[in-house]
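The sequence and structure are shown below.

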Amino acid sequence: MAKVIEGLYYSESHEYVRVEGEVAYIGITDYAQHALGNVVYVDMPDADDEFEQEEGFGAVESVKAASDLNSPVSIKVLEVNEALEDEPELLNKDAFENWIIKVELTDKSQLDKLMDAKAYEAFCAQ
Amino acid sequence: MQNKTTCLYDKHVKLGALMSPFAGYEMPIQYTDITSEHNAVRHHCGVFDVSHMGEVIVSGHDAEKYVNHIFTNDFTGVPSGKVLYGMFCYPDGGVVDDTCISKLDTNLYLMTINASNIDKDVAWFEENAKGYDVVLCHKSEYYGQLAVQGPEAEEKVQELLGIKCDDLKFYEVKTVEKFDETIIISRTGYTGEDGFEIYGTHKFIVDCWDKLIAGGVTPCGLGCRDTLRFEAGLPLYGDELTDKISPVMAGLSMFAKFDKEEFIGKEALLKQKTEGVAQRLRGIELEGNAIPRHGYKILKDGKEVGEVTTGYRLISVDKSCAVALVDADIKLGDQVEVQIRKKIFPGTVIKKKFYETKYKK
């Protein structure tokens, strides 16, 4: 069973947003890493890049397929998780612990449109 | 249209395989994960259900003459018990299909064809059989097929299936009488490792599968079949060979025998070989871990020069590599760029065999 964590915001394309004060962390969910299988490459943006809500900001690749990363909310990238450059498999080990980008939210009201843990769990069970 | 299933469908489901449509069949992509199945074949032994592949038997007085007419390789003077790889080509040199043909006996040939091409191939065989005294027998529904691959394949086939195969050399084939049926076994495969392909009735194939799995052979899906064949530099019809990508463009003209009197496509291919082609397949090794996928653009000095046919983060070697169809002036050692989404990655043109194959010659 895929793990879901309380207190995070979830998108239908299986990204999560963890808000901590003025910054937030975005990554893929445990359900997503399961579905992908062995992650072999993470395509990440650069610091200072800006993305609109639902815009693609990168990709996660398994042996067989590339899966686009879409920004659940509008963001400005502060930092990327450089550990994933050398060890993309960290996403398989713990997708929630290993965030992909640290961001500034440019429109916090967009969080309201995302799912909470309970809703996301139900969404995955469909 | 509902997808077909092979005789091993229930076995795949029971093993928890991820099933997916492929060439009109519900086929296993992976049982556990691509990487561990790939490594099982490289280091030990894996078994693939390849029952979706098509089989056509050619017999009759003109069988050899007919096979030599439709096939780029040459059976002239080749003894029974040999397998040849080659292509069926259109008159313009484009490829109908690539195939292994087994010479089972004088004027008795088994043509193994890609599942995705069965209907097209069979129609093409019949169309080109006019004037030849041959019988074409379409046996795809009759035969199931297993590929047992890896350095331990010989031992596993002999011990677990009781089929003697250490007498077969690479690309040799024989028939064996077993359980009141005639099965076919060849020392061939699509992985770059030693191994065997076995053809028989559905009942026989299911029985072999059970024995191999019980004996510790790893069940392997189509996912690692593709990573294995790609590392070994073997083409996949639809990616590296198509009706637009000829054997000469694919760098496979050694499988077209131009000293043969005639075969369909000979003139066009000979012209391509002597006058040159506009584009050809090259290997590219990427700098970085990004993965060049089918259809991604290849650039040189910012100008588009081709596109990727297949690419992977390799499993046996720590590299990202692609095979790409590029302009003919792109040579070995050249620096090119691969566009992956919004980023550009530098790469070097190399030979398109990325792994040292380990066949038992």
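Over all chains, 28 salt bridges are counted, a salt bridge being a side-chain nitrogen of Lys or Arg within 4 Å of a carboxyl oxygen of Asp or Glu. The model is predicted, and local features need pLDDT of at least 70, side-chain atom pairs count only at pLDDT 80 or more, and totals for chains, interfaces and linings use all residues. Residues are numbered from 1 along each chain as its sequence is written, chains are lettered from A and ligands numbered from 1 in the order in which they are written, and side-chain values use heavy atoms, with hydrogens and water left out.

Four of these pairs are listed here.

| Pair | N to O distance |
|---|---|
| B:Asp210 and B:Lys11 | 3.1 Å |
| B:Arg42 and B:Glu193 | 3.0 Å |
| B:Arg229 and B:Asp226 | 2.8 Å |
| A:Asp43 and B:Arg341 | 2.8 Å |

**Pairs within chain B**

The salt bridge of B:Asp210 with B:Lys11 links distant parts of the chain, with B:Asp210 in helix H6 (residues 202–214) and B:Lys11 in helix H1 (residues 9–14) of chain B, 199 residues apart. Helices and strands are DSSP runs numbered from the N terminus, helices being H or I of at least four residues and strands E of at least two. B:Asp210 is partly exposed at a relative accessible area of 33%, and B:Lys11 is also classed as partly exposed, at 27%. On this scale buried means under 20% relative accessible area, exposed means over 50%, and partly exposed lies in between (1.4 Å probe, protein chains only).

The side chains of B:Arg42 and B:Glu193 also meet in a salt bridge. Because B:Arg42 lies in helix H2 (residues 34–43) of chain B and B:Glu193 in the loop between strand S11 (181–186) and strand S12 (195–200) of chain B, the pair ties together parts that are 151 residues apart in sequence. B:Arg42 is buried at 5% relative accessibility, and B:Glu193 is buried at 3%.

B:Arg229 and B:Asp226 both belong to helix H7 (residues 222–231) of chain B and are 3 residues apart, about one turn of the helix. B:Arg229 is buried, with a relative accessible area of 0%; B:Asp226 counts as buried at 12%.

**A network across the chains**

Salt bridges with shared partners join A:Asp43, A:Glu61, B:Arg293, B:Arg341 and B:Lys343 into one network. A:Glu61 is placed in strand S6 of chain A and is buried, at 0% relative accessibility. Its side chain is joined to that of B:Arg293 by a polar contact of 2.6 Å. A polar contact is a pair of N or O atoms within 3.5 Å; within protein, one must be able to donate a hydrogen and the other to accept it, and residues adjacent in sequence count only if both atoms are side-chain atoms. Leaving aside neighbours within four places in sequence, the residues in contact with A:Glu61 include A:Tyr41, B:Ile291, B:Arg293 and B:Arg341, contact meaning heavy atoms within 4.5 Å.

**The interface**

Between chain A and chain B, 17 residues of chain A are in contact with 17 residues of chain B. The buried area is about 1300 Å², of which carbon and sulfur atoms give 44%; this is the accessible area (1.4 Å probe) that two parts lose on being put together, summed over both. Across this interface the rule finds 5 salt bridges.
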